[in-house]
Amino acid sequence: MQVTRRRDTPGELALREALHALGLRYRIDGALPDTRRRADIAFFALRVAVFVDGCFWHGCPEHGTWPKTNAAWWRTKIKGNIERDRDTDVRLRSAGWTVLRFWTHDDMNAAAKRVAEVVRIRKRKMGPSARPCRTSRDTSDQAQR
Ligand SMILES: [Zn+2]
């Protein structure tokens, strides 16, 4: 089943910009090893995956809406996305990843600080010589701007 992939949403862009301003380097839309899933933003060596979930597509409890036209189709679609998100979380965590999820309505500066904090903790835990996991190539990619 193909899930609608909406890249470079305003929330993602804002978070990337905020992370960049904090001096963090990450990969965008990276394929996550052993999970067959992708993260919006990933720190491969540290195994930190970040997602910015759209309020509509991922069923935000505050702003999610359920269209009246083709209601059943939309319900299936959005519920499918939510289930997939939870499944992605489970797969990633069992593969040793830390998963951070934000809504597009979140304050992205606060979100970036949270990511930076998690990254700092992971770095300390893994030591300065944290080895990239085997399929990652480079964690120093600059944000494409
Ligand atoms: Zn929302």
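The questions below go from the overall layout to single residues.

This is a predicted model, in which local features need pLDDT of at least 70 and side-chain atom pairs count only at pLDDT 80 or more, while totals for chains, interfaces and linings use all residues. Residues are numbered from 1 along each chain as its sequence is written.

Q: In what order do the elements of the chain run from the N terminus on?
A: Helices (H or I, at least four residues) and strands (E, at least two) are DSSP runs, numbered from the N terminus. The chain has 3 helices and 4 strands. From the N terminus on, their order is α-β-β-β-α-β-α.

Q: What percentage of the residues in the chain is buried?
A: A residue is buried if 20 or more other C-beta atoms lie within 10 Å of its own, exposed if 12 or fewer, and partly exposed in between, with C-beta atoms placed from the backbone. The chain has 145 residues, and the buried ones make up 23%.

Q: Of the contacts between residues at least 6 apart in sequence, what percentage joins residues at least 24 apart?
A: Two residues are in contact if their C-beta atoms, placed from the backbone, lie within 7 Å. Among the contacts that span at least 6 positions in the chain, the share joining residues at least 24 apart is 67%.

Q: Which strands are the edge strands of the sheet?
A: Two strands pair if DSSP finds at least two bridges between them. The 4 strands form an open sheet with mixed pairing, in the order β1-β2-β3-β4. Each edge strand pairs on one side only, and these strands are β1 and β4.

Q: Which residue stands opposite Ala31 in β2?
A: Strands β1 (residues 27-32) and β2 (residues 37-43) run antiparallel and are joined by 5 bridges. In this pairing Gly30 stands opposite Ala39. The residue opposite Ala31 is Arg38.

Q: Which residue in the hairpin of β1 and β2 takes a positive phi?
A: The hairpin has 4 residues between its strands.

Q: Which elements do the buried residues of α1 pack against?
A: In α1 the buried residues are Gly11, Glu12, Leu15, Arg16 and Leu19. Seen down the helix axis, they fall within an arc of 130° (taken from the directions from the axis to the C-beta atoms), so they line one face of α1. Pro10 and Ala21, on the other side, are exposed. The elements packed against the buried residues are β2, β3, β4 (98-103) and α3.

Q: At about what angle does α3 run to β4?
A: Axes are lines fitted to C-alpha atoms, for helices over the stretch in contact, and angles run from 0 to 180 degrees between N-to-C directions. Helix α2 lies across β1, β2, β3 and β4, and runs at about 155° to β4. Helix α3 lies across β2, β3 and β4, and its angle to β4 is about 175°.

Q: Is Arg47 buried or exposed?
A: Most residues other than glycine have a negative phi. Arg47 has a positive phi, near 55°, and sits in the loop between β2 and β3. With 21 other C-beta atoms within 10 Å, Arg47 is buried.

Q: How many other C-beta atoms lie within 10 Å of Asp29?
A: Asp29 lies in strand β1 and has a positive phi of about 55° although it is not a glycine. Asp29 is partly exposed, and the number of other C-beta atoms within 10 Å is 13.
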